[in-house]
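Subject: Handing over the structure

Hi,

Here is the structure I promised to pass on to you. Have a look at it first, and then read on for what turned up in it.

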Amino acid sequence: SGKTVLINNILLRNREDGFFGQEYFDENIIISNTILNDPTARFLKKSCTICDYYTDGMITSLIAKQDSFGEKENMPFISLICDIIGSNMKRNNEISFLATRFRHKNIGFMMVAVQNFKSLDTILRNNATSVIIFRQTNARQLEQCCEEYCSMFGSKEKFYEIYKIATKKKFDFLYLKVYEGRALRSFEELLWDVDTDLHNDESIITDEVNDIKEEKE
């Protein structure tokens, strides 16, 4: 829950708010087999290139289109959001393959949203630089996320503790900056830093969050 709201914020908010996908990218492409039935996506449907089904051929065609412009600097700068539910996303699919080389095709932002975590290929999970986990109603799904990322925190107990803090409010989420070893509540509050164990020192957390806010300003 909450992923469409998140996509709206990333692509449609004003520059002053920090996300401005409509201005930043030449084209925003959304592949989603549920978007036509989602009233919260009504503005996305008007402003983005929408595909309401998925086949591997779509990614092949997208790569061919980008390649037709020649060198990377001549390619349109695009974002690609794949919100795919169901079994039509097979193992070794083109989305997983693209995850290893999308930057070479001048795709500046690639997002894959799923309800079943293990439906993602290992190659996709291994190449994710950022992971967002919304509040889970399925304990098994949460357990799978924990198994994948608890090493960031040293234990499963610590993962669950931070997850509960991050998702306490409706629509808030746990945001993992995987390569940096950081965990935040939404994009706002730093909860964990692997280098300094910030979660164990509330004063350090406050100072760090203030530093982030000053950098943004």
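K3 and D83 are both buried, and their side chains meet in a salt bridge, with 4.0 Å from N to O. K3 belongs to helix α1 (residues 3-12) and D83 to strand β3, so this contact ties together parts that are 80 residues apart in sequence. Please keep in mind that all of this comes from a predicted model.

- β2 (residues 49-51) and β1 pair in the parallel sense over three bridges, and I30 stands opposite I50 in β2.
- β1 and β3 (residues 78-83) run parallel and are joined by six bridges.
- β3 and β4 are also parallel, pairing over six bridges.

Together with helix α3 (residues 42-47) and β2, β1 makes a right-handed β-α-β unit.

Back to the charged side chains. The structure holds twelve salt bridges, and the one between K3 and D83 is joined by a couple of others I would point you to. D172 forms a salt bridge with R185, where the closest N and O atoms are 2.9 Å apart. D172 lies in the loop between α8 (156-166) and β6 (173-177), while R185 lies in strand β7 (residues 182-185), so the pair ties together parts that are 13 residues apart in sequence. Are D172 and R185 buried or exposed? D172 counts as buried at 13% relative accessibility, and R185 counts as buried at 16%. D172 and R185 are also linked with E188 and E189 in a network of salt bridges.

K177 and E180 form a salt bridge too, with 3.6 Å between the closest N and O atoms. Here K177 is partly exposed, with a relative accessible area of 23%, and E180 counts as partly exposed at 43% relative accessibility.

Now for the aromatic rings. How many aromatic pairs are there? The count comes to ten. In one of them, the ring centres of F117 and Y149 are 6.0 Å apart and the planes are at 65 degrees, so the pair is edge-to-face. F117 sits in the loop between β4 (107-113) and α6 (122-127), and Y149 in helix α7 (residues 139-149), so the pair ties together parts that are 32 residues apart in sequence. Both F117 and Y149 are buried.

F159 and Y160 form another edge-to-face pair, with 5.7 Å centre to centre and 80 degrees between the planes. F159 is buried, with a relative accessible area of 0%, whereas Y160 counts as partly exposed at 27% relative accessibility. Finally, ring pairs link F134, F173, Y175 and F187 into a cluster.

Happy exploring, and do write back with any questions!

Best wishes

Notes:
Residues numbered from 1 in each chain as written. Predicted model: local features only at pLDDT ≥ 70, side-chain atom pairs only at ≥ 80, totals over all residues. Heavy atoms only, no water. Phe/Tyr/Trp six-rings, centres within 6.5 Å; stacked < 30°, edge-to-face > 60°. Helix = DSSP H or I, 4+ residues; strand = E, 2+ residues; numbered from the N terminus. Buried < 20%, exposed > 50% of the residue type's maximum accessible area, 1.4 Å probe, protein only. Pairing = 2+ DSSP bridges. Right-handed = clockwise from strand over helix to strand, strands pointing away.
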